[in-house]
Amino acid sequence: MLKRALIKRVKRGSLAERAGLKKGDEILMINGQNIKDILDYKFLTTDETLCLHVKSKEGRKRLLTIEKDFDEDLGIEFENPLIDGIKRCKNRCIFCFVDQMPKGLRPSLYVKDDDYRLSVLEGTFITLTNLTAEDLNRIVSMRLSPLYISVHATSGAVREFMLKNPAAARIMDDLSFLKENGIFFHCQIVLCPGVNDKEELNRTLKDLISLQPSILSVAVVPVGVTKYRDGLYPLRRFSREEAEEIIDRVESLQRENLGRFGTRLVFLADEFYEIAKREFPSFDSYEDFPQWENGVGMVALLRKQLAKYIESVPAELPKGRRVVIATGVSAFRFLQGALLPLRNIKNLDFEIYPIKNNFFGESVTVAGLITGRDLIDQLKDLGQKDVLLVPEVMLKERKVFLDGFTVSDVERSLGTRVVVVGIDGKDFLEKLTGMNLGVKP
């Protein structure tokens, strides 16, 4: 049964608005073709002339013709972003973060998706374990590339153990099929101590490198462990010594890959360098930052952006400004060093607060998992400040924290204006200083 392509929103000034489409309308067909899901919709709307069969929320049917440029977007947002339902995860991964969350959070946080359409459209990682032959053929026929694939291990036995799914064992067959059919992919390895590290990691990286040139990048990230693991497989954080060994191993492989392929191919999450208390790699070490949203190279990118604009900050601000910067424990060391040149700016008083994660447990150190309650509890004695800066990764749609607290809740509790900062050096410095720094060449 086909799902309904119900329109949730029509962008102002868009082709859809000019054609008369409205919220609540349902698109029944495009150029005589049914719409199975969002991929069908995107494929069908690449034509330059579109004939839309539409039904209004009152039930009136009409026919619309839209002339457009090739690939020009209509400006429609659907009630269900995929039009049909999300493909749910069938694995029971020993490291699953969703299983490590307390009850009572917003329902969307407990959804485990494993959908190849979201992978190609939004860059979410999939395991390939729930793909049917029809799905694989569709990926190939529609040239859905690149995909983002969670590998974790290429040993069938190890991967099956980690994902608790017999289908997980066929990973190299699936990846080889994609390669043979011209599909490119990025991969990630969630590294778990004593499970898929050491020699298993060596094997996995060797196998993945053999898939060149179809494999575009590999991210190695440490497992996230919260305090809510009762009854789950025993996992822990990596020690400093283990992190150092992993860094040495991967950096050696990067040098080898660079000589052989012209790319490092394998990249480590920033968190490994923080655990090891090592200097973060240079900006150039991450090449084109293929997996920065996976926490790989974010420090180097932000450091580069800060260095670009920090010289534009005047030696004295027009008036006094008192700022609190909230961040995760893992980013504290970096921010201290990166913002050191600003300590001498007259009329600028700022403090960086590493927020301990009492909600999930202190082993969770990234800024993106800080809650509103932890902010309030740990900053309640900060005194009178002009502004509190929080990174946008802490919030859903820049408004709501993981525990349901809103930006307004935090402002009321602390009596301080909260300003959300993007992961962007220029935006950070402008909101820190309250000034427009202009455009650097």
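Residues are numbered from 1 along each chain as its sequence is written. Because the model is predicted, local features need pLDDT of at least 70 and side-chain atom pairs count only at pLDDT 80 or more, while totals for chains, interfaces and linings use all residues, and side-chain values use heavy atoms, with hydrogens and water left out.

**Stop 1**

Begin by selecting strand 1 (residues 5–10) together with strand 2 (residues 26–30), which run antiparallel and are joined by two bridges. The helices and strands named on this tour are DSSP runs, numbered from the N terminus, with helices being H or I of at least four residues and strands being E of at least two; two strands pair if DSSP finds at least two bridges between them. Strands of a sheet pair through backbone hydrogen bonds, either parallel or antiparallel. If you show leucine 6, you will find that it stands opposite glutamate 26 in strand 2.

Glutamate 26 also has a bridge partner in strand 4, namely lysine 55. Select strand 4 (residues 49–55) to follow its antiparallel pairing with strand 2, which extends over four bridges.

Which residue in strand 3 is the bridge partner of isoleucine 30? The partner is glutamine 33, and strand 3 (residues 33–34) runs antiparallel to strand 2, with two bridges joining them. Strand 2 and strand 3 form a hairpin with two residues between them, and asparagine 31 in the turn has a positive phi of about 50 degrees.

**Stop 1: a charged pair**

Now show the side chains of arginine 9 and glutamate 77, which form a salt bridge whose closest N and O atoms are 3.1 Å apart. A salt bridge here is a side-chain nitrogen of Lys or Arg within 4 Å of a carboxyl oxygen of Asp or Glu. This pair links distant parts of the chain, since arginine 9 is in strand 1 and glutamate 77 is in strand 6 (residues 76–78), 68 residues apart. A search of the whole structure finds 31 salt bridges.

**Stop 3**

Then turn to leucine 128, which has a positive phi of about 75 degrees although it is not a glycine, and which is found in the loop between helix 3 (116–122) and helix 4.

**Stop 4**

Contact means heavy atoms within 4.5 Å.

**Stop 2: two helix contacts**

Keep helix 13 in view and select helix 12 (residues 372–379), where the residues that meet are Gly372, Leu375, Ile376 and Leu379 in helix 12 and Asp409, Val410, Ser413 and Leu414 in helix 13.

Finally, select helix 10 and helix 14, where Leu302, Gln305, Leu306, Tyr309 and Ile310 in helix 10 meet Gly425, Lys426, Phe428 and Leu429 in helix 14. The residues of this contact divide into six nonpolar, two polar and one charged, where Ala, Val, Leu, Ile, Met, Phe, Trp, Tyr, Cys and Pro count as nonpolar, Asp, Glu, Lys and Arg as charged, and the others, Gly among them, as polar.
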